[in-house]
Amino acid sequence: MTSARPATWRDRPMAQGIPWPDLEAYEAALETLRSSPPLVVPLELRALKTQLAAAARGEAFLLQGGDCAEEFIRIRPDHIQDTLKVLLQMAVVLTYGSARPVIKVGRIAGQYAKPRSSLTEVIDGVEMSSYRGDAVNRPEPIAEARRPDPQRLLNAYQKAAQTLNLIRALTKGGFASIERVHAWNREFVIDSPVGESYAELERQIHGALGFMRACGVDTSRLPAFQQVDFYTSHEALILGYEDALVRQDPETGGWYACSGHLLWIGDRTRQLDGAHVEFFSKLDNPVAMKVGPTMKPNELNRLIDKLNPKNEYGRLTLITRFGADKIVRHMPRLVRAVTRAGQRVLWCCDPMHGNTFKSESGHKTRHFHHILAEIKRFFDVHRAEKTVPGGLHFELTGGDVTECLGGGQEIEDWNLAERYLTACDPRLNAQQALEVAFLVAEALKVR
Ligand code: PEP
Ligand code: CO
């Protein structure tokens with residue numbers, strides 16, 4: 001069926017390509033994927049697009065978060081459940097603060113491929129491929145582990161399927177009920193040493209739920225309070241993998257990449273004439289693109305025209321990642337260029353990727369107050385430009401890691417080594433992530 005679809009992306013230069021040493025094995029893996037069931041279906045993708053359209057108009061809010069790089073060995077129930085839990089907790093707080101439905105999207109069930117600033121590295125005098133994510137190779141610093149192995153693409157598909165299955169079971173089976181999630185938030189406020197500062201907002205949410213009950217709303221019987229729609233997302237880096245999971249929608253005839261719900265183009269692969277942009281320009285998915293400080297206004301206009309030719313709300317999400325120190329210099333002119341051209345996009349802030357630095361102890365880290373500062377400035381710019389700040393994007397985990405500095409726990413450089421577990425970039429731990437949600441919700445309420 002896929003043969004009817006023009007694969008024009010194949011003729012375009014591809015940034016961050018993977019040099020698969022065994023091309024025959026690579027083709028065989030893709031063939032297996034082509035005949036496998038899709039991980040998500042077009043109906044869901046259209047539902048997500050409708051919700052993202054609402055967020056672009058200011059009627060909903062996008063919350064996206066999860067690992068920088070998911071690891072196969074951590075595809076375990078506890079890790080998946082903990083990530084889901086913290087995102088659900090954040091979502092309840094943000095729903096209250098923004099007084100809007102929150103669209104919940106995990107960096108999960110497919111976030112297995114990484115772009116790298118250098119594609120190879122020399123370790124003990126041996127040149128080898130950099131670690132490119134579990135879908136490609138292994139992180140151990142030996143040449144054999146770093147050799148791209150196409151079998152891992154099949155593992156990626158299977159791991160994504162397992163993860164998605166658990167997510168679907170949990171989110172539809174009662175784990176995500178409003179009472180449960182609210183009880184977790186109460187626990188955070190009562191038990192955590194940093195929770196106290198958020199007690200007031202938590203009391204208000206508690207009061208709102210009590211008020212509904214008093215009015216006769218039995219939340220235990222209403223699906224809206226018992227189940228949530230939870231979507232998956234990842235960077236669509238390996239186009240061979242993504243292409244092998246493209247399916248035609250029998251209802252509309254449209255073509256959809258079906259490896260996850262919200263696929264994005266990274267800041268290193270967003271070239272106007274490159275393969276990644278070409279690939280998505282021919283699909284009907286809702287799609288996202290990272291926008292960093294090197295983006296020029298005119299370039300952005302052209303990229304948007306190419307990725308959202310029908311100028312539809314919900315089709316394109318721009319995930320900005322400038323850094324707290326750069327956002328005010330770069331973002332206003334990009335927002336103005338988009339507004340002036342009448343282009344319909346959803347603006348979402350990633351306050352992580354522009355704020356990475358190496359600490360004195362040698363850890364790649366981010367500081368809590370830089371993350372907050374970028375978020376605050378993101379909202380400020382949109383208020384000044386009269387545009388819609390539609391979402392937030394985080395690298396986070398449900399565990400108690402020590403990867404980002406600061407926050408209520410006051411994690412310092414000498415703490416980083418205690419539980420620095422990330423396979424790639426530093427993540428907010430569960431407490432830091434919830435703190436951000438409470439702080440943003442408080443700021444939104446005041447506004
Ligand atoms: C990422 O989201 O992990 C990432 C690599 O981001 P960016 O493309 O914005 O650098
Ligand atoms: Co990252």
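# Salt bridges and a cobalt site

Modeller: Searching the whole structure turns up 32 salt bridges (a side-chain nitrogen of Lys or Arg within 4 Å of a carboxyl oxygen of Asp or Glu).

Biologist: What sort of model is this, and how are residues numbered?

Modeller: It is a predicted model, where local features need pLDDT of at least 70, side-chain atom pairs count only at pLDDT 80 or more, and totals for chains, interfaces and linings use all residues. Residues are numbered from 1 along each chain as its sequence is written, chains are lettered from A and ligands numbered from 1 in the order in which they are written, and side-chain values use heavy atoms, with hydrogens and water left out.

Biologist: OK, which residue does Glu278 form a salt bridge with?

Modeller: Arg12. The closest N and O atoms of Glu278 and Arg12 are 3.3 Å apart. The pair links distant parts of the chain, 266 residues apart. Glu278 sits in helix H10 (residues 275-281), and Arg12 in the segment before helix H1 (23-34). Helices (H or I, at least four residues) and strands (E, at least two) are DSSP runs, numbered from the N terminus.

Biologist: Is Glu278 buried or exposed? And what about Arg12?

Modeller: Glu278 is buried, at 3% relative accessible area. Arg12 is partly exposed, at 29%. The cut-offs: buried is under 20% relative accessible area, exposed over 50%, partly exposed in between (1.4 Å probe, protein chains only).

Biologist: Now the metal. Which residues are donors to the cobalt ion (ligand 2)?

Modeller: Cys68 (SG), His353 (NE2), Glu395 (OE) and Asp425 (OD), at 2.1 to 2.5 Å. Donors are N, O and S atoms within 2.8 Å of the metal (3.2 Å for Na, K and Ca); water is not among the atoms, so sites may look incomplete.

Biologist: How are the donor residues spaced in sequence?

Modeller: The pattern is C-x284-H-x41-E-x29-D. Glu395 in strand E14 and Asp425 in the loop between E14 and helix H14 (430-446) are 30 residues apart. Glu395 is buried at 0% relative accessible area, and Asp425 is buried at 8%.
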